[in-house]
Amino acid sequence: MVHPKLQSAMPQEPRAASKDTSSRSPKRTARRKPKGKAKLTAATADRHQLYTDAVQNVEGEIDFVDQTFAELRGRKATTLREDFCGTAQTSAEWVRRRESNVAVGVDLDDPTLQWGRDHVLSLLTNEQRERVTLLMRDVRDPGREGRNVDIVLAMNFSYNALMARADMLEYFKSVRKSLAPGGLFIMDCYGGYESLMEQDERRACKGFTYVWDQVRYNPIDATLDTAIHFEFKDGTEMRNAFTYHWRLWTIAELRDILAEAGFAKTTAYWEGDDGEGGRDGEFKPATEADADASWIAYIVNEAD
Ligand SMILES: C[S@@+](CC[C@H](N)C(=O)[O-])C[C@H]1O[C@@H](n2cnc3c(N)ncnc32)[C@H](O)[C@@H]1O
């Protein structure tokens with residue numbers, strides 16, 4: 001399965017298909033590194049850059065978020081909080097979109113945030129950078145600067161790190177309190193029977209191979225151990241560049257907890273078919289779906 005996060009993969013790779021939104025994201029190519037660089041090896045490559053290139057599609061993600069907010073609220077959102085922001089690629093994309101946009105990224109890991117400052121926010125203009133705030137905090141306690149936002153995002157499935165129901169409930173309650181009137185909480189999720197299989201999957205990227213390794217799934221408590229490895233053309237490899245210990249929550253479980261946290265409405269957005277056995281990259285509200293081998297979906301949550 002391909003990383004749920006669109007074409008590529010993030011930590012995971014549910015059905016590959018569709019999230020390749022490259023055709024509608026001109027910025028994606030605009031920000032690519034110049035060609036002609038030295039060949040990548042395990043010794044020279046930067047794991048955050050490899051992850052960015054292999055897994056992330058923040059343009060496609062923000063396309064969905066921006067459009068969904070406008071459809072549901074009849075206006076454009078301005079303030080966005082990116083939970084589990086890592087290197088803050090999504091926050092950077094948000095402030096690039098419109099001059100009025102403001103982003104707050106929240107993550108526990110200071111070195112990862114610093115990489116984002118050095119390699120992601122540094123590519124913004126000064127004016128854009130001033131509209132991004134990074135907070136080294138637990139997402140359940142974002143502080144004053146993380147409140148009163150139009151949108152809270154929990155993408156790339158990172159909330160699966162909260163494995164106890166009580167912790168997830170605490171997080172969802174905190175998110176709900178953080179939303180401005182009319183605000184939305186948008187999360188992605190993935191599943192399908194391939195997501196429970198102990199297997200790895202390789203995908204060729206420019207200059208390296210991305211490996212999504214589903215190391216172990218425990219059906220008793222639904223915990224999943226996964227890893228990302230990178231392989232290079234010179235035969236070297238970067239094993240366990242990223243590892244994750246998650247509980248693989250289902251949409252139904254998440255919606256139950258969201259309702260308990262007080263969200264007035266939770267809607268699953270399922271991806272459409274392209275008519276040729278693949279996916280079309282368009283996510284629409286759904287209450288029923290096929291039992292696909294692997295899938296990604298969004299859950300859009302309205303606080304009021
Ligand atoms: C898979 S990375 C996601 C990075 C980025 N959001 C992306 O889309 O690729 C998960 C991130 O979640 C952060 N994290 C895990 N638990 C957290 C928590 N309770 N509060 C804040 N950040 C957390 C980790 O430090 C890590 O940077």
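Predicted model: local features only at pLDDT ≥ 70, side-chain atom pairs only at ≥ 80, totals over all residues.
**Whole protein.** Start with everything shown as a cartoon. The protein has eight helices and 12 strands. Now colour by burial: of the 304 residues, 44% are buried. If you draw contacts with a separation of 6 or more, 67% of them join residues 24 or more positions apart.

**Ligand.** Next, select the ligand and the residues around it. The shell holds 17 residues. Colouring the shell by residue class gives nine nonpolar, five polar and three charged residues.

**Ala222.** Move to the loop between β7 (208-218) and β8 (223-232), and select Ala222 there. Its phi is near 65°, a positive value in a residue that is not glycine. Is Ala222 exposed, partly exposed or buried? Ala222 has 16 C-beta neighbours inside 10 Å, so it counts as partly exposed; buried would take 20 or more.

**Asn240.** Finally, go to strand β9, residues 237-247, and select Asn240. Asn240 is also not a glycine, and its phi is positive, at about 50°. This residue sits within a strand, whereas Ala222 sits in a loop. Around Asn240 there are 11 other C-beta atoms within 10 Å. The limit for exposed is 12 or fewer, so Asn240 is exposed.

Methods
Residues numbered from 1 in each chain as written. Near = placed C-beta within 6 Å. Nonpolar A, V, L, I, M, F, W, Y, C, P; charged D, E, K, R; others polar. Helix = DSSP H or I, 4+ residues; strand = E, 2+ residues; numbered from the N terminus. Contact = placed C-beta atoms within 7 Å.
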